[in-house]
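Below are some short notes on this entry, for reading alongside the coordinates.

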Amino acid sequence: MAHHSAIRSMQRIVEQQAPASPETEARAGVQQMLAAGRVLVVTGAGVSTDSGIPDYRGPQGSLQRHRPMTFQEFRYRPEARQRYWARGYVGWRHMDKAEPNQIHRRLVQWEETGKISGIVTQNVDGLHRQAGSRRVIPVHGDLSIVRCLDCGNSENRNDFDLRLQAANEGYLEAVEIDPAAVNPDGDVELPQYLVEQFNMVSCLRCGSLALKPDVVYFGESVPVERKERIAALEAESDALLVMGSSLAVMSGYKILLNFVKRELPVALITNGHVRGEQKATWRWRVPLEQALRQLD
């Protein structure tokens, strides 16, 4: 049941539910929010596309060519884990080289000047923290950590990657990929024979092969502790700004609903449509880079 629900979530198409606000009105609304301070920012894949990481649901998004693995597939099908790690081993070369862009850096400035209370990001690339943001909650986790599903032991992804390199000498040289084909969850498409040739390594503590990047897969619940931290950040915030996200999954959409319920201002800056956009105070439909050039 959870697997099928996850598939439906992946396939959700967010269509227009309300027209964009007049641009001058939307810009003024966002600027007013930032001037007042205590703005909670929710970011999605659109924030990292300028860093070379593709989005999921845009016209060129990875969902057009690739269905992410559900948690149920990963947990209970060893062949699915083998496929993920073979592909993720190759894709990590690209993800690990990604650098923060001017959007990440602007959010750092806003935090330092008290405009925003913090960031809840749906991205798993770690670029907000790399840019220098301090109050960041990665609601879907972080690709830079690997966790054992059997004993819970965690390991730094770069250390784990070194172990994979030692077990797969010459493997990367046999693979040719287009960097644009790397998916936001860090994997790439590989032919089956290369998947089969890949050598997986085991947990350092218990020897299990059930190792997983510390990210929330479709069909998996956000950890309770993380939900509590998000709720605390919401409680100390007086406005919500959504940047580069369609809020197609409930973890982000629920935040919008909470601010609407509290009758607090909600602004959306995105080039596409957002789930629940008809509930927002301002809908600024513009590329993020273009919007930021117009904001203090």
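Are Tyr 89 and Phe 198 buried or exposed?

1. Both Tyr 89 and Phe 198 are buried (under 20% relative accessible area with a 1.4 Å probe, protein chains only; exposed is over 50%, partly exposed in between). The model is predicted, with local features needing pLDDT of at least 70 and side-chain atom pairs pLDDT 80 or more, while totals for chains, interfaces and linings use all residues. Residues are numbered from 1 along each chain as its sequence is written, and side-chain values use heavy atoms, without hydrogens and water.

2. The whole structure holds eight aromatic pairs (Phe, Tyr or six-membered Trp ring centres within 6.5 Å; planes under 30 degrees apart are stacked, over 60 edge-to-face, the rest tilted). For Tyr 89 and Phe 198, the centres are 5.6 Å apart and the planes at 45°, so this pair is tilted.

3. Phe 198 also pairs with Tyr 171: with centres 5.5 Å apart and planes at 65°, the pair is edge-to-face. Tyr 171, like Phe 198, is buried.

4. Arg 93 lies over the face of Tyr 89, 4.9 Å from the ring centre (the criterion is NZ of Lys or CZ of Arg within 6 Å of the centre and within 35 degrees of the ring normal). Arg 262 is placed over the face of Phe 259, at 5.3 Å.

5. One aromatic cluster is made up of Phe 74, Tyr 84, Trp 85, Phe 160 and Tyr 217.

6. Ser 51 has 14% relative accessibility and therefore counts as buried. Its contacts beyond four places in sequence (heavy atoms within 4.5 Å) include Ala 98, Glu 99 and His 104.
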